[in-house]
Amino acid sequence: MHSARLPLVAGLATLCFVLAGCSSKIADTTQYSGFLTDYSKLKPSESPSGHQTLRWTSPDYKLSDYRGIYYTPVVYYPAAKPNNRVSQATLDQIRSYLDTQFKSAVAQRKPLVSQPVPGTLIMKTAITAVKAENQDMKFYEVVPVAAVVASTMAASGHRTQNSVLFLEAQLLDAKTGRPVMEVVRKAYGKTVPNSNAPIDLTELKSGIDEMVRDVVAIPAE
């Protein structure tokens, strides 16, 4: 191979590596938590805000068939563990804020009931991860030299990252206990400057608020 081509080949190889590490707009199978019943039924969908998500709805489901929703508090699944980027206080704040906002949004769709009885739905929601991912490559980075620089920044922890919250939710028929809707959502918040920067509610609040607006705006089945 001609020596002049070596930098180009190396750059393209690095580009492939970096692109492989770019974040996906939806959760992939390795990011499923086990909270939901059956992930194989999920299909790509678009929320009212235009956000990509994964969703399954029973063909027999109609919101109008139910008179209310029994809302269960948001949980972490699996149990959340603080680390050097996300403190226990932040985990508690994120869960509390999401829980309060989601409960209010659900109440705008159907009355909340105090017991899961026939003719009602049960809503269960879990935060399955709070993390940050390297930003997608920009168009000007899709050249060999820039790709090398981008990969070096990512490897050294200096590349700008997106704060991300993963959510899984389901609606169950209270009478049968069977799911009628399941959703996996990957919500993006604000960016953080590098892989060492802490993540808190301030970064994730916009992503949570967008999900809440979608709960209110999603058309009734």
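Analyst: A salt bridge here is a side-chain nitrogen of Lys or Arg within 4 Å of a carboxyl oxygen of Asp or Glu. The side chains of lysine 205 and aspartate 209 meet that cut-off, with N and O 3.0 Å apart. Keep in mind that this is a predicted model.

The setting comes next. The protein has 4 helices and 7 strands. Their order along the sequence is α-β-β-β-β-α-β-α-β-β-α. Of the 221 residues, 43% are buried. Contacts between residues at least 6 apart in sequence are 79% between residues at least 24 apart.

Searching the whole structure gives 4 salt bridges. Start with the pair already named. Lysine 205 and aspartate 209 both belong to helix H4. They are 4 residues apart, about one turn of the helix. Their exposure can be read from the relative accessible areas. Buried means under 20%, and partly exposed lies between that and 50%. Aspartate 209 has 17%, so aspartate 209 is buried. Lysine 205 has 35%, so lysine 205 is partly exposed.

Helix H4 covers residues 201-217, and it also holds aspartate 214. Aspartate 214 forms a salt bridge with arginine 185, the closest N and O atoms being 3.0 Å apart. Arginine 185 lies in strand S7, so this bridge ties together parts that are 29 residues apart in sequence. Both aspartate 214 and arginine 185 are buried. Glu210 comes in here too: Arg185, Glu210 and Asp214 are linked in a network of salt bridges.

Now move to lysine 186. Lysine 186 forms a salt bridge with glutamate 133, and the closest N and O atoms are 3.0 Å apart. This pair links distant parts of the chain, with lysine 186 in strand S7 (residues 179-192) and glutamate 133 in strand S5. The two residues are 53 apart. Lysine 186 is buried, and glutamate 133 is buried as well.

Strand S5 spans residues 120-134 and gives the most to the lining of the second largest pocket, with 4 residues. That pocket has a volume of about 180 Å³. Its lining includes Ile127, Thr128, Ala129 and Val130. By class, the lining has 9 nonpolar, 2 polar and 1 charged residues.

To recap by element: strand S7 is joined to strand S5 through lysine 186 and glutamate 133. Strand S7 is joined to helix H4 through arginine 185 and aspartate 214. Within helix H4, lysine 205 pairs with aspartate 209.

Conventions:
Residues numbered from 1 in each chain as written. Predicted model: local features only at pLDDT ≥ 70, side-chain atom pairs only at ≥ 80, totals over all residues. Heavy atoms only, no water. Buried < 20%, exposed > 50% of the residue type's maximum accessible area, 1.4 Å probe, protein only. Contact = heavy atoms within 4.5 Å. 1 Å grid on protein atoms, 1.4 Å probe; cavity = no way out; pocket = protein on both sides within 12 Å on 5 of 7 lines; lining within 4 Å. Points joined across faces, edges and corners; volume = space filled by probe spheres on them. Nonpolar A, V, L, I, M, F, W, Y, C, P; charged D, E, K, R; others polar.
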